[in-house]
Amino acid sequence: MKQFPATHLLTLTGSPRQRGRAHGESLRPQIRELLLRWKDYLAWTHDVSPRDYLREFVNQINFSPAIEKWTPGLMDEVGGIAEGAAVDLADIYAFQLQDEEWWFGQARKKRPAEAANACSSLAWRGDARHPSLVAQNMDLPDYMHEYQVILRIQQDRSPGEILVFSVAGLIALNGMNSSPLAIVCNNLSQLNHSPRGLPVAFVLRGALAQNSFDQAHAFLNAIPHASGQNYILGSPAQISDLECSANQVAPYAPNGRTRGVCHTNHPFVNRDLHPSLASPGVSPHELQARIEAQAVNSHARYQALSTNYGAVEWLNMDPEAVRRLLSLHGSQEHPVCRHPGTPEKWSTLGATIMQLSTPAYFYICPGPPCTSKFSEFIL
């Protein structure tokens, strides 16, 4: 079974610049290869010179003020990755902006907002006998396979630690800290975005830099969001699901379910919709029909997760039960657990299960959870 190689498990210490340099130096060959694969993917996706496309992208966004205000030090870490890997800073910065590049590319092609068929998440608030759990299948383009990494980050002037699942050269895809606090996210591309908000990777690291659930929850509500995104935040005693967009943060709680939540890639409560969907003269019924029509995959995965989740919610929800949920293949066309080789060239890059106990456990595998070996980390 596929598992993380030892060279892809990094401990990063010191200042942000020092952490970034260590990341870049340790994974220099992988980062350089992955950037080349990324640019090939951009050329295939957009039928354009990657160099010209990325220059256009970086010139039309202005995330730096939000990054400096809300996540001070993280741009130094990104700069350190570029230095350590000996790659161009503009390239490694743009590589952090996975969700933001996606909506930029759609707007550039003048296409309506489309559902990104990526990521399935769930969370369960525990009780006196069972700890809370937060989990996710992180679905991303196939070219990222073989570059998955785990980053154990020891922040300077802070006793706490952060564990992050990511790929070589990227600051975060999801993670947890030693509070313990966990966060995962799903793309909601139907929602409004902002070229001046805080990008998703920086939102994740900013939330994980907080010392409590309340602080992280306040952070997610206060920041300007660059991308439409659903965040599930969890602690030993609390679970919160927030659908976030450029102009709204809307809490989501499914009817009849008081201890848990699952989410895929369509909004339930946030109505700050992208203008390409909410065009003038469109009735609420027509608007809902548009959203439903372009989110078939997301609805199918949500239905599979929700139905099977309900069957075990009030029993023993443990990491093994969560692994089985993340491994669902009930729909051949729209499975929760996705394997490489589909026409869309997207699949499950890794599955993460975070157990918010004392001590806390971080279970992670590099690939589809039904065929990959989970590694265990303790915080």
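A cavity is a set of points, on a 1 Å grid over the protein atoms alone, where a 1.4 Å probe fits but cannot get out; lining residues have an atom within 4 Å of a point. The model is predicted: local features need pLDDT of at least 70, side-chain atom pairs count only at pLDDT 80 or more, and totals for chains, interfaces and linings use all residues. Residues are numbered from 1 along each chain as its sequence is written, and side-chain values use heavy atoms, with hydrogens and water left out.

View 1. A search of the whole structure finds one cavity of 30 Å³ or more. The lining consists of Asp99, Trp102, Trp103, Asn187, Leu188, Ser189, Leu191, His193 and Gly228. Helix H7 (residues 98–108) gives the largest share, three residues. Helices (H or I, at least four residues) and strands (E, at least two) are DSSP runs, numbered from the N terminus. By class, the lining holds four nonpolar residues, four polar and one charged. Ala, Val, Leu, Ile, Met, Phe, Trp, Tyr, Cys and Pro count as nonpolar, Asp, Glu, Lys and Arg as charged, and the others, Gly among them, as polar.

**View 2. The second largest pocket.** A pocket is an open set of points with protein on both sides within 12 Å along at least five of seven lines. This one has a volume of about 280 Å³. Sixteen residues line the pocket; nearest its centre lie Pro16, Arg19, Pro72, Gln155 and Ala209. Helix H1 (16–26) and helix H8 (200–208) each supply at least two lining residues. Six lining residues are nonpolar, six polar and four charged.

**View 3. The open sheet.** Eight strands run in the order S1-S4-S5-S6-S7-S8-S9-S10, with mixed pairing. Strand S1 (9–14) and strand S10 (249–251) are the edges, each pairing on one side only. Two strands pair if DSSP finds at least two bridges between them. Strand S7 (residues 181–187) and strand S8 (residues 229–234) are antiparallel, over six bridges. Asn186 has Asn230 in S8 as its bridge partner.

**View 4. The two faces of helix H3.** Helix H3 (residues 50–59) has the buried residues Pro50, Tyr53, Leu54 and Phe57. They lie on the same side of H3, because they cover an arc of only 95° around the axis. The arc is that of the directions from the helix axis to the C-beta atoms. Exposed Arg51 and Asn59 sit on the face turned away from the buried side. Buried means under 20% relative accessible area, exposed over 50%, partly exposed in between (1.4 Å probe, protein chains only).

Terms used. Grid points are joined across faces, edges and corners, and a volume is the space filled by probe spheres set on the points.
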